Amino acid sequence: MRHEIPPRSGTAFTLDRGQRLTVIDPQGEQVADLLAFRRDDTDEVISSGRTLDYASRIFLTTGDKIYSNRSNVLLEIVADTVGRHDFLLTPCSADTFRIIYGDTEPHRGCFGNLAHALAPYGIGPDRIPVAFNVFMNVAVDGTSGALEVRPPLSRAGDHVTFEAREDLIVGLTACSALQSNNYAFKPIQYEIG
């Protein structure tokens, strides 16, 4: 069954070990922030630092594993039609929009959407780490280290499939940051199988 996350919103759900989660970009150029917590101990969560350290690169794709803060594999990417995602930048937030965009009445962003969706699972805002930003295209200058957020490379129907290596609680958004989504807000879809 296919589910849809409306633009600028998020959801949370459980994923059993061995199940697959497919994140779909139905219209193209839309980012989805993904978090995963171990269901029986939510202090264990995906870790950008450990994952990138073990992969020895910043762009992850099919065959790569997403590690936890305790160096256990929580997810594995088993299919990927895009091949460019971000695991450097934190979920956008009201502060992001205030500081970067100068918004005086900012949207709560992916951070706020994730906090709201994960609250019923007992996961508070201070426990939200860097998300795996599905379809986000962040270029890194190899000399200066400067970051540039570019339009996603995803086109309508592109998708990424993750396999759960543990029983998980997953948070997933349709990203709220204009620059990340080429200045248009669109839905994200997902399937569990």
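Buried means under 20% relative accessible area, exposed means over 50%, and partly exposed lies in between (1.4 Å probe, protein chains only). The model is predicted: local features need pLDDT of at least 70, side-chain atom pairs count only at pLDDT 80 or more, and totals for chains, interfaces and linings use all residues. Residues are numbered from 1 along each chain as its sequence is written, and side-chain values use heavy atoms, with hydrogens and water left out.

**View 1. A177 in its loop.** A177 sits in the loop between β11 (168–174) and β12 (188–192). Strands (E, at least two residues) and helices (H or I, at least four) are DSSP runs, numbered from the N terminus. A177 counts as buried because its relative accessibility is 4%. Its contacts (heavy atoms within 4.5 Å) include C92, F97, Y101 and F185, leaving aside neighbours within four places in sequence.

**View 2. C110 and helix α3.** C110 is found in helix α3. With a relative accessible area of 0%, C110 is buried. Not counting residues up to four places away in sequence, C110 touches D33, P91, C92, T173, C175 and S176. Helix α3 spans residues 109–118, and eight of its 10 residues are buried, so the helix is largely enclosed by the rest of the structure. Those buried residues are G109, C110, G112, N113, L114, A115, A117 and L118. They pack against β2 (9–15), β4 (32–38), α2 (94–99) and β11.

View 3. Helix α1 covers residues 48–55, and S48, T51 and L52 are buried in it. These residues lie on the same side of α1 because they cover an arc of only 90 degrees around the axis. The arc is that of the directions from the helix axis to the C-beta atoms. Exposed residues G49 and D53 are on the face turned away from the buried side. Strand β5 (65–67) is included in what covers the buried residues of α1.

View 4. Most residues other than glycine have a negative phi. S71 has a phi near 65 degrees, a positive value. S71 is found in the loop between β5 and β6 (73–80). At 30% relative accessibility, S71 counts as partly exposed. Phi of N182 is also positive, near 55 degrees. N182 lies in the loop between β11 and β12. Its relative accessible area is 31%, so N182 is partly exposed.

**View 5. The largest pocket.** The largest pocket has a volume of about 250 Å³. Of the 15 residues that line this pocket, L89, T96, I100, M136 and S180 are the closest to its centre. A pocket is an open set of points on a 1 Å grid over the protein atoms alone, where a 1.4 Å probe fits, with protein on both sides within 12 Å along at least five of seven lines; lining residues have an atom within 4 Å of a point. The volume is the space filled by probe spheres set on the points, which are joined across faces, edges and corners. The lining divides into nine nonpolar residues, five polar and one charged.

**View 6. The annotated span.** UniProt lists residues 4–169 as "domain: DUF1989" in an unreviewed entry. The end C-alpha atoms of this span lie 18 Å apart, and the span is 14% helix and 32% strand.

Note on methods. UniProt positions renumbered as here; feature names shortened; annotations may be inferred. Nonpolar A, V, L, I, M, F, W, Y, C, P; charged D, E, K, R; others polar.
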